[in-house]
Each structure stands twice: as C-alpha cells, then as structure tokens.
Amino acid sequence: MKTNVGQIELPPLSAEEMGRYSRHIMLPELGKSGQQKLKQARMLLVGAGGLGSPLCLYLAAAGVGTLGVIDPDTVEDSNLQRQILFGISDIGASKSERAVLRMRDLNPHLDITPYRETLSAENALSIIRDYDLVIDGTDNFPTRYLVNDACVMLGKPNIYGSIFRFEGQATLFNYEDGPCYRCLYPQPPPPGLVPSCAEGGVLGVLPALIGSIQATEAIKVVTGIGSTLKGRLLLYDALQMQFDEVSIRRDSHCCVCGDHPTQTQLVNYQQFCGIPASMEPLPFGEITPQELQQRMEGDKPPLLLDVREPFEVEICRIPGALHLPMQQVSAHLEEWDRKQEVVVHCKSGARSAKVCALLLEQGFHRPLNLKGGILAWIDSVDPSLHRY
Amino acid sequence: MQATIKIPSPLRRFSDNQPQLSVQATTVGEALEQLCNHYPELRLQLLDEKGEMRNFVNIYLNREDIRSHQGLATSLSETSELRIVPAIAGGSGIELCLKRSP
C-alpha cells in the first residue's frame, strides 16, 4: 500500500474535529494533513478481546474514519481481567457490538461497523477487501494464518501483535515488500505442543502494551510518519521488563508471498493447524450432563474423573468427582479397574477428550467424555455453581 | 566460544524458570544441544525427531535468523547471543482454539 496519499484530496475536518484532535494537529510530524489521513483511513480490527480493547479505544479516539470490528464471541466474566472495553453490564452481550457502542460513545465522527461472526476462509476476502489495513488481535493460530494469507492475497498491510503469559510480540507484515507471517513461521505448532488451558494464561496488562504498539504502527502506516516495525519483530518480556528486537526478512520461497507462490487461495486453516474437524467420529463415547446426573444417582455410579487444574476446582466442582490434573492421569492408570466405566470431564470437553483417548489406548473399556464439560453441567444440571 | 542463550518466558517452564544459559560451543547446533542436555524438556519444543529445528520456533544469532546463515551449522563468535523466539498466538490455550478457529 502506498502511504503517500497527498495526491488524493483529503477529507475536510470540521471545527469540532479540529478542536478534538488539536493535540494531534499541533504535532508537526502529523499536523492537519496527518489527521485528515487518519479520517480517510479504513482499518479492520480482527478480535475485540485483550489486544482489541486498546486497539478499539485508541484508534477510535485517534479519529480513524472507518473502522470494522470482527469478533463472534460474547463477553464473559473471565474476560474482564484484561479486556478493558467491557464491564459487568456487558456480560453475555456480543463483543463486537458492545465494542462499537463504546467506540461510538467515544467518538461520534466515525463510521464503525461490527461484524458478529468468525473470520473464515469463506468471508475473509470480502470483508478485508473494504479496508486499507488489518490489525490482527486474534488468539489462535488458524485465524492468524487466515488473516496473513488473505492480507497477502489482497495486498493489505497486516499489523501483528501476539501475547502469551508474560511475552509479547509485534511487527508489521506484508508492507512495502516486507515479510509476511509465513516468512517468520512457515508452519504452526501442532496442537499437541500448543499449551493447554492450564499452561496458558496471560498477564492482564500485557495486551494493553502490545495492542497500543499495534495502534501506534497503524497510525504511522496511514500517515506515513516515522519508521515502522517492517522487518523487525519486537519482543517484550514483562517478567524481565525487557524490550528486544530481531530482524525478519521476506522469504523469496514463501508459499504465499514468495517469488513463486504455490498457495494462491485460502485453505482450511483448522486442518492446516492440525486441529481435527469436529465432524470426525470420536473413538470414545460421550455422555450428556443429564445422563451423568442420573448415573451418579444410580446403583453403580461411574468413576468420575475431573482433569482440570487445582485452581479451577476451587471455582466449581461436580460432587463425587475424583480430581486429578490431566498431566498426572497417566501416572495413576494402574489404580483403576480397566473394565470400570470412567467418565472424564474438564471445563468444556477438550482436555477430557485427550484423556479419554489416552484411557482407550491404555485398554480401558468404556471411557466417556462429559459433553461440554463442567460448563454444560452448570448450564443444564446445577446453575448454582460458578461459571468461569 | 562462550554463547549466551536467551530463553523466552513461554518456554521457561521447561528451563526451571531460568531466562538464559551460558554454554561453550562453536556452532549454533552445539549450543542448542548443550541447552537441551541441560534442560531435556526443551528438546521437544525446539527440535524434531531428526534433530532439525522446528518450523514454529526461530533461533536468532545476534538478532539475525540462523536460517539466513547456515542454520544449526552457523559458527559462533566470542560475543554470540542466541535468542529463541517461539510462535505464540494468545493465552487462552487449546480449548478456545478448538472452539472458535475457522
């Protein structure tokens, strides 16, 4: 994308806008024309979560004329630890819609569109096409590769930010012949090496910093000021309080942005990231919360195994469950009768599915996965327990 | 040659929470081998079964990707700093990824 839009007529600023943006306009590097370029800019924010919160607020406040916010999720109580866009009154509501309400309250001069949907291979090109640049504030590998590939195919700069635990990364992809995400990481880690819930987590203030860096880069790209992060991966370690950077280069052999790209269409990103399709038949059985409740009250209750982490058990637990964190299950297999029926549960069913697969492999006759985990149990059996 | 290997916070649970390790080595491969001998759990994260670098973990020698030099065979100098930079995507873990990815 050319940032020099000086040849094109820039949109005028009203007296009210001149007043509102006066602290920008008095910066010689930005000036009135910089503010007009911001007004002319169209940015798509992918994700209205931890990174999306500062992005939505600062870019709306900065006067970016056209903004899109895409996020399919609803606000949960556990989001409020870091997603400062939202409050208690937003719980249960659409993140993209509540984000846009907040942004319109902050700045009525803007054209802001919420997309309450998942960015997918089917809709990505048609949504991204309408914007000048994309800011990636997602939290999973499939969407990151999707955003990258779509941006390369459409020639849009992709402002990247990523967080995990205490670590943050930020850079600018696909900008003025610079590298793309696949030049940096040609392939995603297989799901087995992606940390589970318990090993994940993120310091709540970390996305504030990385999201603000992304917003800064977005402003610089559209106004053409300063030196961008193109070709530099910024690394932030909150524990050591250290910033560092490494050089990244476009890979001429990159399958998407290289000299002879072999991938010219969007693909199935879930499959690309090695995540099994949900339609595949499971090798073990499932049990619904209602069925489990009946079985637990019956003559021969099954062994109910809770494979969540200790802190999760402190939040809520199903009576009668034996607690054993997922990583410790394999060390206890010999304690149980393999013919016995075992029901495994976690928070929402992914970790327990892994444990069921392990039990089956180890010769257990009837491992059953509690469908939807303890969250489904809370929804349909015991709403008095605390959701998280 | 003495080289310092910086271990990022996402991988420190495999390195007894240590942020770095100093090793004596002449190539990047030797340095990583020593790191993995010191912290065996790191091996799975950094190298595949054939001992090749994984595609989703990058190694930078003095801020330059070793893939733009000679990979694991890249020679070290007296002031080598190696930095491990893994792909990260967010702090919510696999369950969210399963639930929501496109």
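Reader: What makes S1(A) and S4(A) a pair, and in which sense do they pair?

Author: Two strands pair if DSSP finds at least two bridges between them. S1(A) and S4(A) have 4 bridges, and they therefore meet this definition; the sense is parallel. A:Met43 stands opposite A:Leu133 in S4(A). The model is a predicted one, in which local features need pLDDT of at least 70 and side-chain atom pairs count only at pLDDT 80 or more, while totals for chains, interfaces and linings use all residues. Residues are numbered from 1 along each chain as its sequence is written, and chains are lettered from A and ligands numbered from 1 in the order in which they are written.

Reader: Where do S1 and S4 stand in the order of the sheet?

Author: The order in chain A is S3-S2-S1-S4-S5-S6-S7-S8, an open sheet of 8 strands with mixed pairing. Strands here are DSSP runs of E with at least two residues, helices are runs of H or I with at least four, and both are numbered from the N terminus.

Reader: Which strands of chain A are called edge strands, and why?

Author: They are strand S3 (111–115) and strand S8 (242–247) of chain A, each of which pairs on one side only. S8(A) is joined by 6 bridges to strand S7 (residues 232–237) of chain A, and these two run antiparallel. Within that pairing, A:Leu235 stands opposite A:Asp244.

Reader: What makes S4(A), helix H7 (residues 141–154) of chain A and S5(A) a β-α-β unit of a given hand?

Author: A crossover is right-handed if, with the strands pointing away from the viewer, the path from the first strand over the helix to the second runs clockwise. The unit made by S4(A), H7(A) and S5(A) is right-handed. Its two strands, S4(A) and strand S5 (residues 158–164) of chain A, run parallel and are joined by 3 bridges, with A:Val134 opposite A:Asn158.

Reader: Is A:Gly200 buried or exposed, and how do you know?

Author: A residue is buried if 20 or more other C-beta atoms lie within 10 Å of its own, exposed if 12 or fewer, and partly exposed in between, with C-beta atoms placed from the backbone. A:Gly200 has 21 such atoms within 10 Å, so it is buried. A:Gly200 lies in the loop between helix H8 (181–184) and H9 of chain A.

Reader: How many residues of H4(A) are buried?

Author: Of the 11 residues of H4(A), 9 are buried, including A:Leu55, A:Cys56 and A:Leu57. Helix H4 (residues 52–62) of chain A lies across strand S1 (42–46), strand S2 (66–70) and strand S4 (133–136) of chain A. H4(A) is followed by A:Gly63, whose phi is positive, near 90°.

Reader: How are H4(A) and H9(A) placed, and what makes their crossing one of a given hand?

Author: Their axes come within 8 Å and cross at roughly 35°; axes are lines fitted to C-alpha atoms, for helices over the stretch in contact, and angles run from 0 to 180 degrees between N-to-C directions. A crossing is left-handed if the near helix is turned anticlockwise from the far one by less than a right angle, and right-handed if clockwise. The crossing of H4(A) and H9(A) is right-handed. Among the residues making the contact are A:Ser53 and A:Leu59 of H4(A) and A:Gly211 and A:Ala215 of H9(A); contact requires C-beta atoms, placed from the backbone, to lie within 7 Å.

Note on methods. Two residues are in contact if their C-beta atoms, placed from the backbone, lie within 7 Å.
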